[in-house]
Amino acid sequence: MTPTQLRPPTMADVARLAGVSHQTVSRVLGDHPNVREQTRVRVLRAIEEMGYRRNSSARALVTRRTRTLGVVASDTTLYGPASTLFALEEAARAEGYLVSTVSLRRLTVEELSEALDHLSEGGVEGVVAIAPQRSAVEALAELRHPFPVVVVGSGPGVDIPSVSVDQQLGARLATAHLLAAGHRTVWHLAGPEDWQEAADRADGWRSTLRAEGVEPPMLLRGDWSPLSGYRAGQELAGWVGRGLTAVFVANDQMALGVLRALREAGVRTPQDVAVVGFDDIPESEFFAPPLTTVRQDFESVGKQGIALLLDLIEGRPPASSRIAIEPQLVVRASTFPYTAQSERAPL
């Protein structure tokens, strides 16, 4: 094995193979116009033959750009944060950026500070924080950082540039759909109290009922898991025949638990109780019955989040520093009457 095979090929190795100078290889890599086409082709062929890759650290010293973005996340086992993280990574790659991700158990001031310090040492140009909990956004607001930060999943009223799905609109679509189907009221199984998304969905449910002159019934609370939905469903089953005919559940996993509990109690869906979820997870159309739910456009969240961050990095004034993306109601057989189309119009 030759010495050049024992280490990654360098620009000088490419220059020797192509029979040109080191500076010519640099010009080809920089797409400089003052390079003859024959020379450019010869250099590119040598690059491909040797498997040469540019040294990103060396390039960063010259350009002061690392083309790397940071993402801070927690609860990535849940569908929403996991889908958001994937969408952000895809959007960053599409813009030619690498992503360095730090997953934290809790988004406290101390852990966020350590994560941002770690990302800063790694040379990231900006950070997206997936921060669905109110406490996480408050912690971020306390910290100083040497790069732009964008928050996703935080909801309205955030002092940091943000991108989020309009959770209140989604809840209004779900609740109004059930009222339009003839239900006199709609019960709600909410998510954890500290989650801004859970609070916004509960607010949308509550405001829609009150706008129709209906006083909201008792609110139940779960932890996003099917088990918490199952336990709430057992409680809800006890109210069937006493005014409960429709339930809006704050996510699809809890709705799965609710459906099982109702079924075990002999309650039919949607004939006795209609159920609407939130998220439109891939399995929701295969629930028994298929679940009416609110679809979140995580792809748009990722694209808009990265676009906003890049605007801040480049010093461009963004069109808006508070971006809200509309959700979509997907109607399936868990509500009655059943239609095959989706509703997009805001109330």
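**Exercise 1.** Is asparagine 251 buried or exposed, and what is its relative accessible area?

*Solution.* The structure is a predicted model, in which local features need pLDDT of at least 70, side-chain atom pairs count only at pLDDT 80 or more, and totals for chains, interfaces and linings use all residues. Residues are numbered from 1 along each chain as its sequence is written, and side-chain values use heavy atoms, with hydrogens and water left out.

Step 1. Recall the cut-offs: buried means under 20% relative accessible area, exposed over 50%, and partly exposed in between, with a 1.4 Å probe and protein chains only.

Step 2. Asparagine 251 has a relative accessible area of 3%, so it is buried.

Step 3. Asparagine 251 is located in the loop between strand S8 (246-249) and helix H11 (252-264). Helices (H or I, at least four residues) and strands (E, at least two) are DSSP runs, numbered from the N terminus.

Step 4. Leaving aside residues up to four places away in sequence, asparagine 251 touches Arg201, Trp224, Phe278 and Asp279; contact means heavy atoms within 4.5 Å.

**Exercise 2.** Determine which residues of helix H2 (residues 22-29) are buried and how they are arranged.

*Solution.* Step 1. The buried residues in H2 are Thr24, Val25 and Val28.

Step 2. Viewed down the axis of H2, these buried residues fall within an arc of 100°, so they line one face of the helix. The arc is that of the directions from the helix axis to the C-beta atoms.

Step 3. The cover over the buried residues of H2 includes helix H1 (11-18) and helix H3 (37-50).

**Exercise 3.** Describe how H2 packs against H3.

*Solution.* Step 1. Two packed helices are described by the angle between their axes and the distance between the axes. Axes are lines fitted to C-alpha atoms, for helices over the stretch in contact, and angles run from 0 to 180 degrees between N-to-C directions.

Step 2. The axes of H2 and H3 are 10 Å apart, and the packing angle is about 90°.

Step 3. H2 is therefore roughly perpendicular to H3; angles under 35 degrees count as roughly parallel, over 145 as roughly antiparallel, 65 to 115 as roughly perpendicular and the rest as oblique.

Step 4. Thr24, Val25, Val28 and Leu29 of H2 meet Thr39, Arg40, Val43, Leu44 and Ile47 of H3.

**Exercise 4.** Classify the orientation of helix H8 (residues 167-180) relative to helix H9 (residues 196-211).

*Solution.* Step 1. The axes of H8 and H9 come within 7 Å and cross at roughly 40°.

Step 2. H8 and H9 are therefore oblique to each other.
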